[in-house]
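Thanks for coming, everyone. Have the model open on your screens. I'll keep this quick.

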Amino acid sequence: MEGKEEGVKLGANKFSERQPIGTSAQTDKDYKEAPPAPLFEPGELKSWSFYRAGIAEFIATFLFLYITVLTVMGVTKPGTSKCSTVGIQGIAWAFGGMIFALVYCTAGISGGHINPAVTFGLFLARKLSLTRAVFYIIMQCLGAICGAGVVKGFQGSHNYELQGGGANVVNHGYTKGDGLGAEIVGTFVLVYTVFSATDAKRNARDSHVPILAPLPIGFAVFLVHLATIPITGTGINPARSLGTAIIFNKDHAWDDHWIFWVGPFIGAALAAVYHQIVIRAIPFKSRA
């Protein structure tokens with residue numbers, strides 16, 4: 001019996017994982033850990049579903065930038081007060097709401113990443129191959145550039161540049177270290193939520209509790225934006241930061257740009273390590 005338990009066998013700790021009250025018993029027959037994705041999978045390159053997933057990531061990121069950056073433009077438009085527009089709360093809702101909608105639409109096609117940091121975290125957890133991860137990140141960045149470009153076309157170059165182009169920068173009163181820390185913690189919250197909301201074991205164990213994964217993911221994005229818009233404008237998505245920086249293309253946007261790649265990737269890596277090693281204890285599970 002002990003050999004069949006999915007417990008952490010470290011030292012004297014031989015107890016199986018605690019089950020929340022109200023859930024049915026979980027056994028190995030109900031759930032088996034999915035095998036890790038191969039590092040390279042050349043066969044993917046011959047599959048239409050591989051390219052379809054990349055196109056879905058491109059379109060989703062394009063729509064994400066289009067809606068969210070237009071919302072930012074409306075709030076920062078000269079001559080208007082935040083009370084006459086949606087305000088910071090509206091910006092946060094636009095980002096969180098679009099993630100909710102787009103993850104819901106694309107989860108069954110590409111997994112609904114829409115963010116290189118999410119893709120990187122899932123790659124570290126061996127949820128997808130390096131081939132697919134690189135392809136996703138490229139398509140996400142291209143979609144973000146196109147989305148920001150369409151917004152600039154609607155706004156006109158003068159208004160777009162006057163309103164900052166929605167580019168991420170470290171705001172006055174904060175240091176680069178503050179910005180980096182905000183991006184690390186904010187991305188950790190997002191990617192940890194992604195892991196938790198899409199955890200196959202949790203879904204099997206709590207099958208009687210309906211969980212719509214895009215909802216907590218979108219809500220996490222909303223809350224992170226509320227907290228960190230005053231610091232960095234909230235990146236937590238390198239594609240979003242890259243797209244606006246390329247289209248805006250001003251020195252002060254590029255000066256801080258490294259923060260919006262390094263911070264999210266560190267946050268995603270920490271979330272992957274925390275969920276896979278601490279929460280799920282995958283490296284320490286007995287292999288019966």
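First, the ground rules. This is a predicted model: local features need pLDDT of at least 70, side-chain atom pairs count only at pLDDT 80 or more, and totals for chains, interfaces and linings use all residues. Residues are numbered from 1 along each chain as its sequence is written, and side-chain values use heavy atoms, with hydrogens and water left out.

So, the core. A nonpolar core here is a set of buried Ala, Val, Leu, Ile, Met, Phe, Trp, Tyr and Cys residues joined through side-chain atoms within 4.5 Å. Buried means under 20% relative accessible area, exposed over 50%, partly exposed in between, with a 1.4 Å probe and protein chains only. The largest core has 52 residues. Phe-64, Tyr-160, Leu-190 and Ile-217 have the most contacts inside it. Which helix gives the most to this core? H1 does, with nine residues. Helices are DSSP runs of H or I, at least four residues, numbered from the N terminus.

Take Leu-190. Leaving out residues up to four places away in sequence, Leu-190 touches Asn-115, Val-118, Ile-217, Val-221 and Ile-236. Contact means heavy atoms within 4.5 Å.

A separate core has five residues, including Leu-180, Ile-184, Ile-259 and Phe-260.

Now helix H3. Seven of its nine residues are buried. Among them are Val-118, Leu-122 and Phe-123. The cover over the buried residues of H3 includes H4, H6, H9 and H11.

On to the aromatics. Rings of Phe, Tyr and Trp (its six-membered ring) pair if their centres lie within 6.5 Å; planes under 30 degrees apart count as stacked, over 60 as edge-to-face and the rest as tilted. The whole structure has twelve aromatic pairs. Look at Phe-64 and Phe-95. Their ring centres are 5.5 Å apart and their planes sit at 80°, so this pair is edge-to-face. Phe-64 is in H1 and Phe-95 in H2, 31 residues apart. Both are buried. Elsewhere, Phe-50, Tyr-51 and Phe-135 form one aromatic cluster.

Last, the surface. Leu-45, Trp-48, Tyr-51, Ile-55, Ile-59 and Leu-63 form a nonpolar patch, with about 560 Å² of accessible area together. Is Ile-59 buried or partly exposed? Ile-59 is partly exposed, at 40% relative accessible area. Ile-59 belongs to helix H1.

That's my tour. Questions, please.

Terms used. Helix = DSSP H or I, 4+ residues; strand = E, 2+ residues; numbered from the N terminus. Patch = residues over 30% accessible without salt bridge, like charges linked within 9 Å, V, L, I, M, F, W, Y side chains within 5 Å. Areas by Shrake-Rupley, 256 points an atom, 1.4 Å probe, with all protein chains shown as cover. Salt bridge = Lys/Arg side-chain N within 4 Å of Asp/Glu carboxyl O.
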